[in-house]
Amino acid sequence: MSYLWTSIKMQFRIPVSVFFSLLFPLIMMFAMVTSYGNFDIGEGYHFVDKYFLISTGMGMLPIALISFPIWLGESVQNKSYKRLEYFGLSAQKIIVSDVCSYILLTALSIFVNILFGYLVYGLHIPEGQYFIAYVLQCLYCNLVLLIFGALLALIIKNPRILMPVGMCLLFMFYIFTGTFSSFSELPKSFQAIGNFLPMKYIMNDLFNVWTQNKLFISKFLALNTLYGIILSFALIAFLLRSRKIKIKS
């Protein structure tokens, strides 16, 4: 627990991480719902019940595409874990606690977004099983995104390059998932790409979970699992290849 607590405290010392994961989604929700008005969308639901899905996704993506890869890239580049082992600390435990801290930061981002929507705009809160199903599916998507972020960091390595690459990927995700306009209004080619992105389902299709029409989104689970398997194998293969190169050298 001491490792995890230290990792969590380090998270809040990174202004970019805190802003994009916690503050930016709230700013966007306030701007959009206030601008368009919290109009009725039928069956007792309002605009905030639809838009909070988007703002939640907007908070999840920077954690996996910017904060996590940069942290990992810097750790690999400056060999901080090896130095910590000299002081009798377990590098393996530190790595696990750091990854867990990013998952907890994502969970905090989700709950802060929901709480803000509920207190300010009267966001509808579903029954317990649907609420848990929504959160679990968000975290499952985040877990696969973290694997992608790890692979990105190990391939690029240089933190100065990781930032612009992460920002480019971030806005590409925003564009293809319907962040700036309704997904149904996007060009057909953009929709076709978006349908292959798990985050599209988090920011759009999980509305069916929030409105208690479905407990799980099967297309999302299948696609996210497929990406998880492919990215995990790619990450393991990259690590094994790097280890062989070090042994030979």
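A term before we start: a crossing is called left-handed if the near helix is turned anticlockwise from the far one by less than a right angle, and right-handed if clockwise. Please also keep in mind that this is a predicted model.

The pair to look at is α6, residues 128–156, and α7, residues 159–176. Their crossing is right-handed. The two helices pack at an angle of about 145°, and their axes are 10 Å apart. On the α6 side the contact is made by Leu145, Phe148, Leu152, Ala153 and Ile156. On the α7 side the residues are Ile161, Leu162, Val165, Leu169 and Phe173. Sorted by class, that contact has 10 nonpolar residues, no polar ones and no charged ones.

Now α7 by itself. Helix α7 has 18 residues and reaches 26 Å from first to last C-alpha, close to the 26 Å expected at 1.5 Å a residue. Its buried residues are Pro159, Leu162, Gly166, Leu169, Leu170, Phe173, Tyr174 and Phe176. What caps the N-terminal end of α7? That is Asn158, with a side-chain oxygen 3.0 Å from the backbone nitrogen of Arg160. After the helix comes Gly178, with a positive phi near 80°.

Glu43 is one of them, with phi near 60°. Glu43 sits in the loop between β1 (40–42) and β2 (45–46). Is Glu43 buried or exposed? Its relative accessibility is 75%, and the cut-off for exposed is over 50%, so Glu43 counts as exposed. Gln212 is not a glycine either, and its phi is positive at about 65°. This residue is in the loop between α10 (207–210) and α11 (218–248). With a relative accessible area of 25%, Gln212 is partly exposed.

Last, Asn204, which belongs to helix α9, residues 198–205. Why does Asn204 count as buried? Because its relative accessibility is 12%, and buried means under 20%. Which backbone oxygen lies 3.0 Å from a polar atom of the Asn204 side chain? The one of Thr177. Apart from neighbours within four places in sequence, Asn204 is in contact with Lys50, Leu53, Thr177 and Phe183.

That is what I have; questions are welcome.

Conventions
Residues are numbered from 1 along each chain as its sequence is written. This is a predicted model: local features need pLDDT of at least 70, side-chain atom pairs count only at pLDDT 80 or more; totals for chains, interfaces and linings use all residues. Side-chain values use heavy atoms; hydrogens and water are left out. Axes are lines fitted to C-alpha atoms, for helices over the stretch in contact, and angles run from 0 to 180 degrees between N-to-C directions. Helices (H or I, at least four residues) and strands (E, at least two) are DSSP runs, numbered from the N terminus. Contact means heavy atoms within 4.5 Å. Ala, Val, Leu, Ile, Met, Phe, Trp, Tyr, Cys and Pro count as nonpolar, Asp, Glu, Lys and Arg as charged, and the others, Gly among them, as polar. The expected span of a helix is 1.5 Å times one less than its number of residues. Buried means under 20% relative accessible area, exposed over 50%, partly exposed in between (1.4 Å probe, protein chains only). A polar contact is a pair of N or O atoms within 3.5 Å; within protein, one must be able to donate a hydrogen and the other to accept it, and residues adjacent in sequence count only if both atoms are side-chain atoms.
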